[in-house]
Amino acid sequence: MAEYNSLERIRLQKVDELRAEGVEPYPTRAKRTHTSAQAIAEFEKDETKEVKVTLAGRVRSMRPKGKLCFAHIEDGDGKIQLFLRVNEVGEERLAFFNKMFDLGDFMEATGTMMRTKAGEASLQVLDFTLLAKSISPLPADKDVTQEDGTVVRYASLDDAELRARQRYADLAVNPEVRETFRKRAKLIKSLRDFLDGQGFLEVETPVLQPLYGGAAARPFVTHHNELEQDMYLRISFELYLKRLLVGNLEKVYEIGKDFRNEGVSFKHNPEFTQLEFYWAYADYLQVMELTEQMVVHAVEQVTGSTKIRYGEHEIEFKPPWRRLEMRQGILETSGIDIAEHRTAEALLKAIKEKQPKAAPDPKATRGKLVDFLLSEFLEPTLIQPTFLYNYPRDISPLAKSIPGDPLTVERFEGYVAGFELCNAFTELNDPLDQESRFLEMGRDYEADDEEKHPLDEDYLRAMRYGMPPNGGFGMGVDRLAMLVTNKQSIRDVLLFPALRKEE
RNA sequence: GGGCGCGUAGCUCAAUGGUAGAGCAGCGGCCUUUUAAGCCGUUUGUUGAGGGUUCGAUCCCCUCCGCGCUCACCA
């Protein structure tokens, strides 16, 4: 049972009073004819013509002034001022409005458009109705535009926890939050449009899987009662999408949620939106070109420019992006040439000599050490969009080796603003090689390591029917959303980010 | 999981080893062109929870809860 504070109790009492007067505080239907923006546009076409409209929205401010009252309501398009006078609505109705309406209420108002003495296009109200009484006051929010044009916000909702937990309140009072999520929707639509235009088929593969795979991550485990078996929430789409290539679907993609039972950070959420595509007969170089085209298309659709501002950086997405061989990048930033150190022992020794302050895991494989050098030294320098290519084989069990170089695979990652945006490779399609890679991975992890790749026999069975050579791609859509909305935390681009349960 | 920090009114914040204030919101008035409206009056708190030290804790100590930053983890 909810407990009400003093403000809420006053409003609840108003609900009772309204009902006692025969006024329904939550009527079933609204009769809106225009949004605020439509009404203003129509009025401004010809201000001598009478424009009669019914508007609806949330009351955001009330300024009663004796025999008249100004109020702003906000709808999906913006705010509009209501102007109520005793001349039109009568003394009794004006008093009713002042007494019974509160900030946050949804209401409807019918009237004619007019311009106030201060010059604001407003609705001169003839009649009004309550649409939904607000019991709990929304966090107060006042924007004041000062003479020099700067907007000062008084008493807004900016507690990060409250904003994430009660996103509905955050959205209700912070218009720029609504804008962020409009941009996010536009981003996803533009990615979809691009891939559709390239002839890719959008598919849906299982979220609930008998076996997880396609990435190294701890899964969420659940249980199906009737089948009497454990199920996993997917950690990637990869293995299912590649099964479709076996089925002669040549270009497929999926946009959806992945789930990883791991740490939460400014760039990690346990469930996140992934885009993956697989492209038969293409290799990682072709995927690289398609990637830069796709991303610049999306950035341009959302922001209107190929260039964005992200924090202190200005980032240009126009292709071609910088291409940097991983070996070269690591050499330039750490002074270590990984090609000269072909074993984990040798590489570890080199790191200790050249970078005594660095603290790599002494038990790491060679691939993990390369990854360490990458994230420690190279990654922070990759601000402008950069394709880092050619990765160590042992951290890439699903990628194909470079002909003639068994330690290196045809793989690239796209980096922007110092973090990984996407990951792609020429996909391994040799079932025998794939099987030995799975077994190899198994040896590199402890028996109880939850990140150990389970051996997916059905996937190998599919591959044995024959899988065309292909290029595959995966991208964290939330991270791209962070870039185009200039948000420093993944939470700001997720409507309901993962939070600990409230007590 | 480790480290650091934070938690005070509906919102934004202040204060102090002697049980708390401001602005906004609210409530009661006045006001026929306001937009942070103004003016007069006025209310609001288990100071995140529990325990300890103390004559006395919101402040000091411990535990817990929640959040933020960060490290670890994360192909």
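**Notes on a predicted model**

1. His224 stands opposite Gln229 in S11. This model is predicted. The pair belongs to a contact between strand S10 and strand S11 (residues 229-233). Four bridges join these strands, and they run antiparallel.

2. Next, the sheet around that pair. Which order do the strands take in the open sheet of three? The order is S9-S11-S10, and the pairing is antiparallel. Strand S9 (208-209) and strand S10 (221-224) stand at the edges. Each has a single partner strand, so one side of each is left without a neighbour in the sheet.

3. Strand S2 (residues 68-75) and strand S3 (residues 78-85) run antiparallel and are joined by eight bridges. Leu82 stands opposite Leu123 in S5. As background, side chains in a regular strand alternate between the two faces of the sheet.

4. A second hairpin deserves a look. Strand S14 (residues 307-310) and strand S15 (residues 313-316) pair over four bridges in the antiparallel sense. Ile308 stands opposite Ile315 in S15. Two residues lie between the strands of this hairpin. Gly311 takes a positive phi there, near 60°.

5. Does the span of helix H7 agree or disagree with its 23 residues? H7 covers residues 175-197. At 1.5 Å a residue, the helix should span 33 Å. The end C-alpha atoms are 33 Å apart, which agrees. Val177, Thr180, Phe181, Arg184 and Leu187 are among the buried residues of H7. Ile188, Ser190, Leu191, Phe194 and Leu195 are buried too. After the helix comes Gly199, whose phi is positive, near 85°.

6. Now the cysteines. How many disulfides does the structure hold? It holds zero. For reference, a disulfide is a covalent bond between the sulfur atoms of two cysteines. Is Cys69 buried or exposed? Cys69 has a relative accessible area of 0%, so it is buried, the cut-off being under 20%. Cys422 is buried as well, with a relative accessible area of 1%.

7. Where does Ile338 lie? Ile338 sits in the loop between helix H10 (326-334) and helix H11 (344-354). Its relative accessible area is 8%, so Ile338 counts as buried. Ile338 and Ala350 are 12 residues apart in sequence. In space, their C-alpha atoms are 9.0 Å apart.

8. Last, the surface. Which residues form a nonpolar patch there? Tyr168, Leu495 and Phe496 do. Together they have about 350 Å² of accessible area. Phe496 lies in the segment after helix H15 (477-485). Why does Phe496 count as exposed? Its relative accessibility is 58%, and exposed means over 50%, so Phe496 passes the cut-off.

Definitions and conventions. Residues are numbered from 1 along each chain as its sequence is written. Chains are lettered from A and ligands numbered from 1 in the order in which they are written. This is a predicted model: local features need pLDDT of at least 70, side-chain atom pairs count only at pLDDT 80 or more; totals for chains, interfaces and linings use all residues. Side-chain values use heavy atoms; hydrogens and water are left out. Patches are made of residues with over 30% relative accessible area and no salt bridge: like charges are joined within 9 Å, nonpolar side chains (Val, Leu, Ile, Met, Phe, Trp, Tyr) within 5 Å. Accessible areas come from the Shrake-Rupley method with a 1.4 Å probe; for residues, only the protein chains shown count as cover. A salt bridge is a side-chain nitrogen of Lys or Arg within 4 Å of a carboxyl oxygen of Asp or Glu. Buried means under 20% relative accessible area, exposed over 50%, partly exposed in between (1.4 Å probe, protein chains only). Two strands pair if DSSP finds at least two bridges between them. A disulfide is a pair of cysteine sulfur atoms within 2.5 Å. The expected span of a helix is 1.5 Å times one less than its number of residues.
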